[in-house]
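Here is a short tour of one protein model, written for someone who likes to check the atoms along the way. Have the viewer open and follow along.

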Amino acid sequence: MAGKRKSTDGDKDSGGVKKKPRKKLSEEDDSPSGRSMSKMKKIDGTLIQTSKKDAEDTVHLPGFNLAGRPEALKTKDGGIKKSEIKTTGPYHTGNVNTESYWHFVVRSNKNEWIRFNPDSISVVVYGTMDNPKYVEGSADPLKKTPTVALQAGIGAPRMFLDPSVMGTSFVHRVDVSINNVPVPTNSAIGGLLLHYVRCARVFNHQARDCFVTNKDVTLMGEDEAEKTRGSLSAAMKKATSAFDYFDPFATKGARVPVYLDGQFPFDRRNATLESIDRQKEQNLFFPPDTTVEIKLHLYRGKQEAIFHHQLTLPDYFNPDKTEVDAPNADIQITFQDVTLEYESVELKAAEHVKAMKQYMEGGLGLYDYDIVRGQHQAMETGQSTTQSIFQIAEYCRLIYIIYIPDWATFPMERTRKPLSALTRYPTGCTGITLSFAGESHLITRKFENLGVPSTNNEISKKILFGNMRDNRMLNFGFERMFSRLEDEYSLNQGFVLDVKHLMSDKTEMLTIQHEFATSTSPPKQQVVCISVHPNGRATCRSGNSQFEWIWSFATAS
């Protein structure tokens, strides 16, 4: 790995010899000095300069990495025989509504190279409710049917998913094995899969159709004339789509994606880092005769992350509102279909024979990927100052810090409030300082009044927003993050820290200090830390015979 520390004589304690200070990874010998990293690209472990000014040119894979052979041949005449998108259903054909997990098994044939995407799995959601206009014996078709399909787009009923998460709202863990070798790092996210997916999809310069402020969560009025889909924001249209079938007599639901960001092999590169580095994830394929087994573990009630009609956004964030009314029992949600899609490529005979020969001669398929680790701590209640300390594993490149209530972090059925990563700075917080890996103040010395609403003239707010904007971490304006309106507040308030210059091969400490000068720390508040470590590597090599593959997973050391 490019970030591997080089040992020197100065690292040894030799009596009176003074130790040399430890270098950060950005200072190592393999990092080019005096060059803009936005114009650099890593090829075969070496950073080279790209040809285009913005560094967004086509990725050229190193010739020795056989996992990239199909992608490289797509632009070569006579290289690809066939390319198509294939689909498969659950391995067990039982009722997908009663299973505790969705199980898929994909076996590529002897000529087939395959790969997956973050949205490869999708689910058809269908819901019904009692017909409020029902009249027994009525001649009107709409009035004589006792149940109707949901039309959340016009408030019948008011329910939605976080549009940045969608079908991931039903999933809490992903297990994957490749040729019976488990992927060991997917579980590092813990119970924060949904929260990471939102962070990765909101904090990048191409984010769209996401909730930015409470004004985006537009709900229909009580007046029938106000209940039109045209009054919804783009984000809200996507949010309600899982429960909006347009026709009260509809019998087919809506298909929504299950985003699996941070889960190998569906995703190898964090979207925020792609945005910062202006470099897209390489398309790498698994070789023929590979078996991939996938299990998506579902939340027990399968509705733990649905915003339902009995809940308002102010009540959601209100710690004094310990529980809300249960959604109407007549609303029934079912899954009609779950499908896995994947890209399948067959090479022309000559290219296929060449690739297999290279594998047999010792060639490798290398899959570098980001490992995502999640942790959270409860903030002390009723204090003028609080401190949260997190241990961050080695080779950390990116850190998300978000602030969410208890019930948004882990399921709390009694509250009837859904899980989510809608994040707001702690109410009344007048000062926040961040330190990591020996650096006392990240970005600036202190962030002032981040938890004080309706004000944005503080210089630290300008500095924070400018840092995120210049690093291409967001796609919304300053007033949308720090609104001066009394009735508007951001749903994306947190920190996104690119700590590339502090990467090391040691576990480091992240310390977050909060001050409350005019009040005390709020109750039922969680501080969530999600870190991204680009040091995962999967390796595929040939065994003793053709199509016998040996898979291994390792982290950089």
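## Salt bridges at a glance

The structure, which is a predicted model, holds 26 salt bridges. Side chains of opposite charge can pair when their charged atoms come close. A few of these pairs are worth a visit one by one.

Start with K82 and E84, which form a salt bridge whose closest N and O atoms are 3.6 Å apart. How accessible are K82 and E84? K82 is partly exposed, with a relative accessible area of 39%, and E84 also falls in the partly exposed class, at 31%.

## Bridges that span the sequence

R255 and D337 make a salt bridge as well, and here the closest N and O atoms are 2.8 Å apart. Because R255 sits in strand β10 (residues 254–258) and D337 in strand β12 (residues 332–347), this pair ties together parts that are 82 residues apart in sequence. R255 has a relative accessible area of 46%, so it is partly exposed. D337, at 27% relative accessibility, counts as partly exposed too.

Next, look at E413 and R300, whose side chains meet in a salt bridge at 2.3 Å, N to O. E413 belongs to the loop between α8 (406–409) and β16, while R300 belongs to the loop between β11 (291–298) and α6 (313–317), so the pair links parts that are 113 residues apart in sequence. Are these two residues buried or exposed? E413 counts as exposed at 53% relative accessibility, and R300 counts as exposed at 68%.

Rolling a probe the size of a water molecule over the atoms shows where empty space is left. In this model there are 3 cavities of 30 Å³ or more. The largest cavity has a volume of about 70 Å³. By type, the lining of the largest cavity divides into 7 nonpolar, 1 polar and 3 charged residues.

## The second largest cavity

About 60 Å³ of space lies in the second largest cavity. Which residues line the second largest cavity? They are P90, H92, G94, V96, E99, Y101, W102 and H103. This lining divides into 4 nonpolar, 3 polar and 1 charged.

What does helix α3 pack against? Its buried residues pack against β8, α5 (271–277), β13 (364–378), β15 (398–405), α8 and β20 (525–542). In helix α3 (residues 193–202), 9 of the 10 residues are buried, so the helix is largely enclosed by the rest of the structure. Among the buried residues are L193, L194, H195, Y196 and V197. R198, C199, A200 and V202 are buried as well.

D162 lies in the loop between β7 (147–149) and β8 (171–178). With a relative accessible area of 5%, D162 is buried, because the cut-off for buried is under 20%. A polar atom of the D162 side chain lies 3.0 Å from the backbone nitrogen of S164.

## A last stop at E439

E439 lies in the loop between β16 (431–436) and β17 (447–448). Its relative accessible area is 27%, so E439 is partly exposed.

Which residues does E439 touch, leaving aside its neighbours within four places in sequence? The contacts are L434, H501 and L502. With H501 there is a side-chain to side-chain polar contact at 3.4 Å. As for L502, E439 is 63 residues away from it in sequence but 8.3 Å away in space, C-alpha to C-alpha.

Key:
Residues numbered from 1 in each chain as written. Predicted model: local features only at pLDDT ≥ 70, side-chain atom pairs only at ≥ 80, totals over all residues. Heavy atoms only, no water. Helix = DSSP H or I, 4+ residues; strand = E, 2+ residues; numbered from the N terminus. Buried < 20%, exposed > 50% of the residue type's maximum accessible area, 1.4 Å probe, protein only. Contact = heavy atoms within 4.5 Å. Polar contact = N/O pair within 3.5 Å; in protein donor to acceptor, adjacent residues only side chain to side chain. Salt bridge = Lys/Arg side-chain N within 4 Å of Asp/Glu carboxyl O. 1 Å grid on protein atoms, 1.4 Å probe; cavity = no way out; pocket = protein on both sides within 12 Å on 5 of 7 lines; lining within 4 Å. Points joined across faces, edges and corners; volume = space filled by probe spheres on them. Nonpolar A, V, L, I, M, F, W, Y, C, P; charged D, E, K, R; others polar.
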